[in-house]
Amino acid sequence: MDYTLSRLARSFRTAVSLLLLGAAPSLAADVNAAYLFNLSDFDGVIPYNAARTFVDEVRGEIYVSTSGGLDIYNPSGMLTFHVDYDRELGGVYDAAMTESGNIMLLTFKNGTYGIVTCNYRGEPISSVPLRHVPPDFADARPGRMVARKGEIFLVDQGGMYVIVVDADGEFVRGYDLGASMRVSDDHRPDAGMEGFTVDRDGHMLFVTSTYGKACRGTLDGELDVFGRRGSSAGKFGVPGGIASDRNGNLLVTDKLRAVIMIFNKEFQFVKEFGFRGTQPGNVIVPSEITVDPVSNRVYVSQMRRRGVNIYQLSYSD
């Protein structure tokens, strides 16, 4: 894959500057991950497959987006509430949580995409259509959404487009991440983006399993790409999801190697955890990953009806 020369040149200049200054890239404080439990109800572990999760940082609740609604869990990982989507909304493609504690739904009805704002128990408050999306992004088919700092990121993972709108559905800006990565139109459906999220600093994070890469993009559209194929620690087999903790460390799941890898801000490998198996704390085909930066908890979704593992991050200098 052909990455831009400007990005490579910038990385080279940064490395040279560090050497001239006699400094090495800073390593993150040591990070540890301890398995806690799985999302459950009173009958045991909920057997989700590759569940889409997000957290309410204010209340500490965990949300799982299902085909028919939302499951809501308390901070202890116990199911407390279920929201059934109102059929009048049309198709509901994804959900996200705002910093104020409202739930946003990405809907599609009568050929039009829209955003429905609900309270924290899924009761609709307002609805707006997408407005003034320019022709360059008119063909985007978003199926994922992330709310961050008053903006809503709508993601066409197959087309590799991102549309950013405000709470009124008004177009703010857009990104053609496929073009940024020099992926041809014919190859976009195969390349695609997985695990898209936006961290607290506004960086767009995603992986491409086809190329075995993880990506971090800025609001200005600058894109840094990292990761190497391999079967040893810190290498990518088939990356599935990505998230960041409150210190800027990046956590990447690998479906093939069955691990969760931790990298620091400079994309240096720190350690990995999880590992393939059926014992508590092990993972089978880990995919989606969510980090709660308040509680330092990590939520990892799996296949084979293994549900969602919860780990606690801890740090030491």
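Okay, so when I say buried, I mean under 20% relative accessible area, with exposed over 50% and partly exposed in between, using a 1.4 Å probe on protein chains only. By that cut-off, Phe236 and Phe263 are both buried.

Quick word on the source: this is a predicted model, where local features need pLDDT of at least 70 and side-chain atom pairs count only at pLDDT 80 or more, while totals for chains, interfaces and linings use all residues. Residues are numbered from 1 along each chain as its sequence is written, and side-chain values use heavy atoms, leaving out hydrogens and water.

Back to those two Phe residues. The whole structure has 14 aromatic pairs, meaning Phe, Tyr or Trp rings (for Trp, the six-membered one) with centres within 6.5 Å; planes under 30 degrees apart are stacked, over 60 edge-to-face, and the rest tilted. Phe236 and Phe263 make an edge-to-face pair, with 5.9 Å between centres and 85 degrees between planes. They sit 27 residues apart: Phe236 is in the loop between strand 19 (223-226) and strand 20, Phe263 in strand 22 (residues 259-263). Strands here are DSSP E runs of at least two residues, numbered from the N terminus. Both also belong to one aromatic cluster, together with Phe226, Phe267 and Phe269.

Four strands form an open, antiparallel sheet in the order 4-5-6-7, where pairing takes at least two DSSP bridges between two strands. Strand 4 and strand 7 (79-84) are the edges. Strand 4 is joined to strand 5 (residues 61-65) by five bridges, and Asp56 stands opposite Glu61.
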